[in-house]
Every structure is written in structure tokens, then in C-alpha cells.
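Student: I am new to this structure and would like to learn how to read it. Could you walk me through some of its features?

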Amino acid sequence: MKKNILITGGAGFIGSHVVRLFVNKYPEYNIYNLDVLTYAGNLENLTDIDTKENYKFLKGDITDIEFISSIFKKYNFDAVIHLAAESHVDRSITNPMEFINTNIVGTVVLLNAAKDAWKDNFNDKLFYHVSTDEVYGSLGETGFFLETTPYDPKSPYSASKASSDHLVRAYNNTYKMPVVISNCSNNYGSHQFPEKLIPLSINNIKNNKAIPIYGKGDNIRDWLFVNDHARAIDVIFHKGKQGDTYNIGGINEWTNLDLIHKLCDVMDKKLSREAGASRKLITFVTDRAGHDKRYAIDASKLRNELGWEPSLQFEEGIEKTVDWYLENETWVENIVSGDYAKYYDNMYKDR
Ligand code: NAD
Ligand code: DAU
């Protein structure tokens with residue numbers, strides 16, 4: 001069926017994978033990628049598909065009420081897949097207000113525009129909100145996040161995402177807006193901005209710089225290959241039950257230190273370094289304020305109801321990721337110059 005789909009944040013890490021998947025897999029859909037191109041948005045992420053007939057880029061801010069309402073009128077969207085956000089926990093600690101504006105206010109602006117555009121007929125419409133496992137807070141040594149786990153966000157980032165999830169559910173309950181939400185664990189893969197643990201460490205190892213590990217490195221994350229997140233979004237978009245929430249996770253828990261050991265060993269091989277050479281770059285630095293101890297997702301609802309499973313083992317995913325960063329040096333270099341260099345120096349100056 002023909003559809004006009006608005007994807008927000010499509011120039012970012014996960015958004016670019018979702019845009020690519022939808023543009024290539026569904027030539028019958030028109031994909032509109034709305035992105036304001038913050039430091040994290042990069043149109044170079046989409047050069048392989050940006051001349052396709054069913055793809056259009058719209059530069060704009062999700063908090064701009066007039067602009068958002070005008071594109072809903074102009075392009076007659078049938079669905080929204082909403083990924084645009086401020087996404088980095090450390091930045092939310094230094095500058096919470098941007099997270100409140102983009103993640104909360106921006107989401108409400110989109111919800112209002114969709115409600116106004118679709119109010120006469122919600123049939124075949126969908127507002128898909130992409131969220132995070134961090135809304136559930138922090139786990140101890142055991143247990144998993146379920147869709148029913150009470151919200152307990154602990155950073156300005158996760159609190160802003162939790163607020164946006166509540167607002168999406170409120171529009172479903174109050175206005176009967178057809179919505180679906182997914183909450184995913186940590187993603188890794190190509191095109192991730194090198195302020196996040198894995199691409200930052202790959203870049204530092206390559207350049208023989210210190211690898212900063214917060215605290216003792218015993219915090220645990222559940223890592224999912226980004227293409228598998230995009231596949232999950234595809235499945236939920238097409239088969240998910242309206243009003244429902246789906247947890248997405250990699251069933252792949254690592255302490256940060258074990259993860260970095262693994263990454264160092266892969267990098268030593270790829271760079272033909274002596275075994276153990278990159279591990280020497282590990283440097284323990286001051287912990288993140290309020291650092292969540294452990295995230296782990298129970299994704300059995302998604303597996304049992306919609307048949308999704310991760311397609312890759314971590315060993316394969318991390319090799320592919322390292323290969324991509326080593327083969328795409330210009331992409332990394334364009335980013336790590338300029339503003340990023342200032343951010344990096346500032347973020348790590350007291351650690
Ligand atoms: P990202 O920071 O790489 O990309 C965010 C994109 O949103 C960028 O292209 C940026 O330019 C755009 N954007 C930011 N503010 C905007 C605004 N006001 N108007 C329009 N566009 C704007 O983020 P990501 O890691 O790709 O995350 C995408 C989404 O997935 C986010 O909603 C995030 O909360 C969620 N998520 C991320 C992860 C992860 O591990 N990265 C895991 C689960 C959920
Ligand atoms: O769980 C999903 C979330 O995963 C997403 O919602 C966020 O958008 C995404 O950024 C990610 O959040 P994290 O805070 O878990 O990711 P980050 O890569 O920043 O950090 C991963 C772990 O590594 C975390 O325990 C902090 C630690 N860390 C991070 C950096 C940048 C370090 O030890 N050193 C570092 O330099």
C-alpha cells in the first residue's frame with residue numbers, strides 16, 4: 001500500500017539505518033526524513049540512498065510549531081516514526097534544558113500536528129515513538145526490564161525520554177491517537193557519533209589515545225547491532241498492536257571493561273598490533289554522575305508475538321563495526337575535527 005511516512009532524526013545514527021531500510025525495502029512508500037542536523041545529524045550517513053525517488057530530506061526543527069504543522073499539510077503523512085532526540089546521557093548532565101526542549105516539547109509538537117492533521121480520520125494512521133530502556137532506571141545484579149516494569153528514570157536524558165513516552169500514551173488514551181512505542185537497549189554499529197563508548201574507543205585505540213572507562217568499568221549494558229534495531233522497528237511498525245509497547249534488546253550483556261577488552265583484542269588483530277597492546281590504553285576516569293548500574297532487556301514479547309530476534313552474534317557485529325570505522329576514516333575525521341574536539345577536551349578535562 002502507498003504511504004507517506006515521516007521519519008524524524010533520520011540523519012542520526014539509528015535514524016539513518018531506519019531510513020535506509022525503509023527506502024530500499026519499500027519503494028511504494030515515500031520516506032520524508034526530517035532532521036535539524038544538530039552536531040549528531042549527518043547527511044553523509046545517507047549518501048547511498050539520497051537520490052532515490054521515494055526519499056526526500058526536510059531540514060527543520062521538531063520544536064518549530066509552524067514548520068511542523070506546514071509539512072503535515074503539505075505532505076499528507078500517513079505515519080510518523082519519531083527518532084529525533086538529544087541522545088547522549090553525558091550531554092544531558094551538562095545541559096539538561098536542550099533535552100527538555102527537544103525530547104519533550106518536540107514530541108508534543110509532533111503529536112499535536114499529527115492529531116490536527118488526522119483528527120477526522122485516524123484509520124490507517126500511526127505515530128511510532130522510538131524510546132529507550134533507560135526509562136526503566138537501573139537494575140541490580142539480577143532481573144530484566146519488561147514492558148510492565150515501572151518507570152524510574154535517573155538521568156535528565158532518561159527522564160526526558162520517559163516524559164515523552166508518557167505523553168505519547170496520554171495522546172493514545174485521551175484522543176485515541178493510534179500509537180506504538182518501543183524501548184531499546186544500547187545500539188552499536190556503523191555511523192554512530194564518536195562520543196558514545198564504542199566508536200569513541202575505536203577512534204582512541206586507532207590513534208593510540210587513552211580509552212576513558214568511567215568508575216571501575218563494572219556497569220553493564222545490553223548491546224544490540226543497530227541494523228537489528230532497524231529490523232525490529234520495521235516489524236513493529238507493520239505488525240505491532242496499536243497502543244502497545246515492545247522492548248527490544250540484544251540478549252547480550254557486557255560489563256564496560258569486558259566489552260573494551262574484547263574491542264581492544266579485535267583492534268589489535270585488525271591493526272596488526274602485538275596481542276594486548278591496545279588494552280594498555282585503558283584509563284579509569286571519574287565516574288558519570290548518577291551512573292546507572294545495569295540495563296538488560298527481556299525481549300520475549302517481541303519474539304513471541306512478532307517473531308523478531310537479533311540476527312547477529314556480538315563477535316560478528318563488533319568485527320563488522322570495527323571494519324566500518326577503519327574503512328571510513330574520512331567520515332570519522334570530518335566529525336572529530338572542529339566542535340567535537342572542543343566537546344572532547346571539555347568533557348574529559350577533569351576525568
Ligand atoms: P543521535 O543523537 O545519533 O541522532 C539524533 C538525530 O536527531 C540527529 O540526526 C539530530 O540532528 C536529530 N535531532 C536532534 N534534535 C532535533 C530537533 N530538534 N529537530 C529535528 N531533528 C533533531 O541519536 P540515536 O542514537 O540515533 O538515537 C535515535 C533515537 O533512538 C533517540 O530517540 C534515542 O533516544 C533512541 N534510542 C537510542 C539508543 C542508542 O543506543 N543510541 C537506544 C535506544 C533508543
Ligand atoms: O540504553 C540505551 C541508551 O544507550 C540510549 O538510550 C542512549 O541514547 C545511548 O547513548 C546509550 O546510553 P549509554 O549512556 O548507555 O551509552 P554510552 O555509550 O554513553 O555509555 C555506555 C557505557 O559506557 C555507560 O555505562 C557509560 C560508559 N562510558 C561511556 C563513555 C562515553 C565510559 O565508561 N566511558 C566513556 O567515555
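**Strands, sheet and pocket**

Tutor: Gladly! Let's start with one pair of residues: Ile211 has Ile282, in strand 12, as its bridge partner. Please keep in mind that this is a predicted model.

Student: In which sense do strand 8 and strand 12 pair, and over how many bridges?

Tutor: Strand 8 pairs with strand 12 (residues 282-285) in the parallel sense, over 4 bridges.

Student: Which residues of strand 8 are buried on each side?

Tutor: A residue counts as buried when its relative accessible area is under 20%. In strand 8 (residues 211-214), Ile211 and Ile213 are buried on one side, and Pro212 and Tyr214 on the other, so both faces are covered.

Student: What is the strand order in the open sheet of 7 strands?

Tutor: The order is 3-2-1-4-5-6-10, with parallel pairing. Strand 3 (55-59) and strand 10 (245-248) are the edge strands, each pairing on one side only. From one strand to the next, the twist averages 20°.

Student: How many bridges join strand 5 and strand 6?

Tutor: Strand 5 (residues 126-132) and strand 6 (residues 179-184) pair over 6 bridges, in the parallel sense. As an example, Ser131 has Asn183 in strand 6 as its bridge partner.

Student: Which strands does helix 4 touch as it packs on the sheet?

Tutor: Helix 4 touches strand 1 (3-8), strand 4 (79-82) and strand 5, and its direction makes about 165° with that of strand 5. Helix 7 (residues 226-239) also packs on the sheet, where its contacts include strand 2 (29-35) and strand 10. The direction of helix 7 makes about 145° with that of strand 5.

Student: Is Asp124 buried or exposed?

Tutor: Exposed means a relative accessible area over 50%. Asp124 has 59%, so Asp124 is exposed. You will find Asp124 in the loop between helix 4 and strand 5. Leaving out residues up to four places away in sequence, Asp124 touches Lys3 and Asp78. The C-alpha atoms of Asp124 and Pro178 are separated by 8.6 Å, although these residues are 54 apart along the chain.

Student: And how do I find empty space?

Tutor: Rolling a probe the size of a water molecule over the atoms shows where empty space is left. Here, the second largest pocket has a volume of about 310 Å³.

Student: Which residues lie nearest the centre of the second largest pocket?

Tutor: Of its 15 lining residues, Arg91, Thr94, Tyr343, Asn346 and Met347 lie nearest the centre. Helix 3 (89-94), helix 4 (96-118) and helix 12 (339-347) each give two or more residues to this lining. The largest share, 3 residues, comes from helix 12. By class, the lining has 4 nonpolar, 4 polar and 7 charged residues.

Definitions and conventions. Residues numbered from 1 in each chain as written. Chains lettered and ligands numbered in written order. Predicted model: local features only at pLDDT ≥ 70, side-chain atom pairs only at ≥ 80, totals over all residues. Heavy atoms only, no water. 1 Å grid on protein atoms, 1.4 Å probe; cavity = no way out; pocket = protein on both sides within 12 Å on 5 of 7 lines; lining within 4 Å. Points joined across faces, edges and corners; volume = space filled by probe spheres on them. Nonpolar A, V, L, I, M, F, W, Y, C, P; charged D, E, K, R; others polar. Buried < 20%, exposed > 50% of the residue type's maximum accessible area, 1.4 Å probe, protein only. Pairing = 2+ DSSP bridges. Axes fitted to C-alpha atoms, helices over the stretch in contact; angles between N-to-C directions. Contact = heavy atoms within 4.5 Å.
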